[in-house]
Amino acid sequence: MVKVKTCVFISGEGTNLKNLVKRSRNYNFPIKISLVVSNKAKARGLNYAKKYSIPFLIINTKNRNFENLILNNFNRYQIELVCLAGYMKIISKNFLRKCKKKIINIHPSLLPKFKGLNTFKRVLENKQRKTGCTVHYVNEKLDSGYIIKQRSFFINPSDNETSLKRKTQILEYKIYPEAVIEIFRNN
Ligand code: GRF
C-alpha cells in the first residue's frame with residue numbers, strides 16, 4: 001500500500017501524535033507520519049518524533065517567514081495530509097490558501113458546541129449531559145470545518161475537568177485514526 005505522507009502539528013503532550021504514529025506502523029493504515037511541526041521547542045510530543053526517527057521542524061510563529069518554511073518542508077517531504085493534534089495556534093487564511101493539502105483537526109467537544117479553549121470547564125459550567133470529541137476539516141473559521149467524525153459519552157455527576165479530559169482523550173485515540181481511514185477509504 002502506498003501511504004499518504006502526513007505532517008502532524010503539535011504544541012504540547014503529543015499523545016494523539018503518538019497514537020497516530022503507532023497506528024500508522026500497521027501495514028493497512030493509509031498514512032505514514034513523515035514530518036512533525038511544533039511551535040514549542042520543549043513540546044513533550046517531540047520526544048515521539050525523536051523516538052521514531054521522524055523528521056521534525058520547530059517553528060517560531062513570530063518569524064515572518066514561518067509559513068513559507070512549513071510549506072517548503074511540505075514539498076521536501078511530499079506531504080499530502082496535515083493533522084493538527086493539540087496545535088495551539090490558528091492556521092491563517094493565507095496558509096490555508098497556499099497549502100492546498102487536506103488539513104484536519106481534533107477538538108475535545110461535540111462541535112459545533114464549545115469551539116475554542118477551556119472546553120471541559122465550559123461543558124461543566126453549562127451542565128451538559130454529554131460531551132465528546134470531533135475530527136473535522138480545517139477552514140478559515142475556528143473549529144468550524146466539515147465534521148468527519150464525532151464520538152460522545154454521558155457525563156457523570158462526579159466528573160470534573162480532569163476526568164472529562166481523560167475520558168475524551170480515550171475517544172480521541174479511537175476517532176482520529178478512524179477519521180483518517182474514512183478520508184482515504186474512497187480514494
Ligand atoms: C487533545 O485533547 C485535542 O482534542 C486538543 O488538544 C489535545 C492535545 O492532546 N486539540 P495531545 O497533545 O495530543 O496529548
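The legends below describe close-up views of a predicted model. Residues are numbered from 1 along each chain as its sequence is written, and side-chain values use heavy atoms, with hydrogens and water left out. Because the model is predicted, local features need pLDDT of at least 70 and side-chain atom pairs count only at pLDDT 80 or more, while totals for chains, interfaces and linings use all residues.

**Figure 1. The largest nonpolar core.**
This core holds 37 residues, of which Ile33 and Ile104 touch the most other members. Helix α6 (residues 161-185) supplies the largest share of this core, eight residues. Apart from it lies another core, of 20 residues, including Leu35, Ile70, Leu71 and Tyr87. A nonpolar core is a set of buried Ala, Val, Leu, Ile, Met, Phe, Trp, Tyr and Cys residues joined through side-chain atoms within 4.5 Å. Buried means under 20% relative accessible area, exposed over 50%, and partly exposed in between (1.4 Å probe, protein chains only). Helices (H or I, at least four residues) and strands (E, at least two) are DSSP runs, numbered from the N terminus. In soluble globular proteins, nonpolar side chains tend to be buried together.

**Figure 2**
Strand β2 (residues 31-38) is largely enclosed by the rest of the structure, because seven of its eight residues are buried. Strand β1 (residues 4-10) runs parallel to β2, and seven bridges join the two. Two strands pair if DSSP finds at least two bridges between them. Val8 has Val36 as its bridge partner in β2. Leaving aside neighbours within four places in sequence, Ile33 is in contact with Thr6, Val8, Leu17, Leu20, Val21, Ser24 and Ile54. Contact means heavy atoms within 4.5 Å.

**Figure 3. The largest pocket.**
About 930 Å³ of space lies in this pocket. Its lining has 34 residues, and the closest to the pocket centre are Gly86, Tyr87, Met88, Ile106 and Pro108. On a 1 Å grid over the protein atoms alone, a pocket is an open set of points with protein on both sides within 12 Å along at least five of seven lines; a cavity is a set of points where a 1.4 Å probe fits but cannot get out; and lining residues have an atom within 4 Å of a point. Grid points are joined across faces, edges and corners, and a volume is the space filled by probe spheres set on the points. Helix α6 gives the most to the lining of the largest pocket, with four residues. The elements α1 (15-24), β5, α5 (119-125) and α6 each supply at least two residues of this lining. By class, the lining of the largest pocket has 12 nonpolar, 14 polar and eight charged residues. Ala, Val, Leu, Ile, Met, Phe, Trp, Tyr, Cys and Pro count as nonpolar, Asp, Glu, Lys and Arg as charged, and the others, Gly among them, as polar.

**Figure 4. The second largest pocket.**
The volume of the second largest pocket is about 160 Å³. Val21, Ser24, Arg25, Ile31, Lys32, Ile33, Ser34, Tyr52, Ser53, Ile54, Pro55 and Tyr77 line it. Strand β2 gives the most to this lining, with four residues. The lining of the second largest pocket divides into seven nonpolar, three polar and two charged residues.

**Figure 5. The cavity.**
A search of the whole structure finds one cavity of 30 Å³ or more. The largest cavity has a volume of about 40 Å³. Its lining consists of Phe9, Phe66, Glu67, Ile70, Tyr87, Ile90, Ile91 and Phe95. Helix α3 (residues 66-76) provides the largest share of the lining of the largest cavity, three residues. Seven of the lining residues are nonpolar, none is polar and one is charged.

**Figure 6. Asn105 in strand β5.**
Asn105 lies in strand β5 (residues 102-107). Asn105 has a relative accessible area of 10%, so it counts as buried. Not counting residues up to four places away in sequence, Asn105 touches Leu84, Thr134, Val135, His136, Val138, Asp143 and Tyr176.

**Figure 7. Backbone details in the loops.**
A cis peptide bond, with omega about 10°, joins Leu111 and Pro112. Pro112 lies in the loop between β5 and α5. Phe114 is also found in the loop between β5 and α5. Phe114 has a positive phi of about 55° although it is not a glycine. Phe114 counts as buried because its relative accessibility is 14%. Gln78, in the loop between α3 and β4 (81-84), has a positive phi near 55° and is a residue other than glycine.
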